[in-house]
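Load the model in your viewer and switch to a cartoon view. The tour takes a sheet and then the disulfides.

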Amino acid sequence: MKSFAAALFSASLIASAAAHGWIGELTIAGKGYKGNEPTEETPNGAPSVIRQIENNLPVKDTTSSELTCGRNAKPAALVATVAAGATIPVHWQTLAANGFWFHDVGPMMTYLASCGSVTCDKFDASKAKWFKIAQEGQDSSGSWAQAKLDDGSPASVTLPSNLKAGNYLLRHEIVALHTAQSEGGAEFYPGCAQLTVTGSGDGTPADHELVSLPGAYKPTDPGILIDVYNMKGPYQFPGPAIAAFVSGAAPAKAATSTPAKAAASTKAQATGTHTAAPSATSPAAASGGKTCKGKRSRRASAATPAVEALDVRTEVRRSRVRHMHRAVQRSF
């Protein structure tokens, strides 16, 4: 039995490593902009708007320069033009057998940084001052937004409709929290794309809403050092609140997912999974982080509190088994 468990764990590590990913494609106004595999696989990538990373390993040090745009990311050759208010599907890719995202638990967040008067292919990202425009956590069933990526579905990023025209780096980030129970266990997957935004808006962040990455996160932040399988309250997103000029942004003190029971009692809180730009839905709702495999959420029922608690504990055990079983399947 021990040897089988060891083999299962080893296979899980192999599959998980293969499943670490990068932004494989953006779609803007119906046009796809391909990203390149990491330079370890494709040293001479094709021209792209997506900054190419060195390898697909996660960033785990919140003070590392690799937290900016990914591991040793280098400027891309191209810049995509996009209108303020546009929705951009962001496709994540991995080296796993089907190429789909693998992890199930943790938030996704979106930042922008102005490149100033130069186009972003000439901009040094280490000098970037970022502001948050969206964050996604759990919905009322306990499903994490990133779990929806593992069947090949894209993440959806909507630019603020009132965003001031200019040159911007778009930073989309997945934080995997399956091993975040100890300090240094959270896995950060940031990726950056180079945009020129058009429009007549005048929306800009306030100075106090700008952050540096690295700099905005600490390894002991409640949303980074956390056991998502035994959460005691709503999930707290790391980093700043969404910039106030973004329509529908959460108040500065409310960078959390909303508990499922609160969402059930307030229709406005039960309409979506994230806080984001104008066309996005309302702030995230959370069920206490009790499920690893987000898409297989616990079915709502009128069970008594004791039965409901038993269902949660059962689902936690099942979700962990599913996660390891799926890892073994993808490793062969």
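**Sheet and disulfides**

This is a predicted model. Start by selecting Thr158, which lies in strand E7. Is Thr158 buried or exposed? Thr158 has a relative accessible area of 9%, under the 20% cut-off, so the residue counts as buried. Show side chains here: that of Thr158 makes a polar contact with the side chain of Thr87, at 2.9 Å.

Next, select residues 87-94, which form strand E4. E4 pairs with E7 in the antiparallel sense, over 4 bridges. Within this pairing, Val90 stands opposite Ala155 of E7.

Now widen the selection to the sheet. Its 4 strands run in the order E2-E1-E4-E7, the sheet is open, and the pairing is antiparallel. The edges are E2 (31-34) and E7 (155-158); each has a single partner strand, so one side of each lacks a neighbour in the sheet. On average, neighbouring strands are turned by 30° against each other, direction ignored.

Then colour the cysteines. How many disulfides does the structure hold? There are 2, and counted along the chain, the bonded cysteines follow the pattern 1-4, 2-3.

Select Cys69 and Cys192, joined with an S to S distance of 2.0 Å. This link is left-handed, with -85° about the S-S bond. The pair connects distant parts of the chain, 123 residues apart: Cys69 sits in the loop between E2 and strand E3 (80-83), Cys192 in strand E9 (residues 187-198). Cys69 is buried at 4% relative accessibility, and Cys192 is buried at 0%.

Finish at Cys115 and Cys120, whose sulfur atoms are 2.0 Å apart in a disulfide. With 110° about the S-S bond, this link is right-handed. Both Cys115 and Cys120 are buried.

Technical notes
Residues numbered from 1 in each chain as written. Predicted model: local features only at pLDDT ≥ 70, side-chain atom pairs only at ≥ 80, totals over all residues. Heavy atoms only, no water. Pairing = 2+ DSSP bridges. Helix = DSSP H or I, 4+ residues; strand = E, 2+ residues; numbered from the N terminus. Axes fitted to C-alpha atoms, helices over the stretch in contact; angles between N-to-C directions. Buried < 20%, exposed > 50% of the residue type's maximum accessible area, 1.4 Å probe, protein only. Polar contact = N/O pair within 3.5 Å; in protein donor to acceptor, adjacent residues only side chain to side chain. Disulfide = S-S within 2.5 Å.
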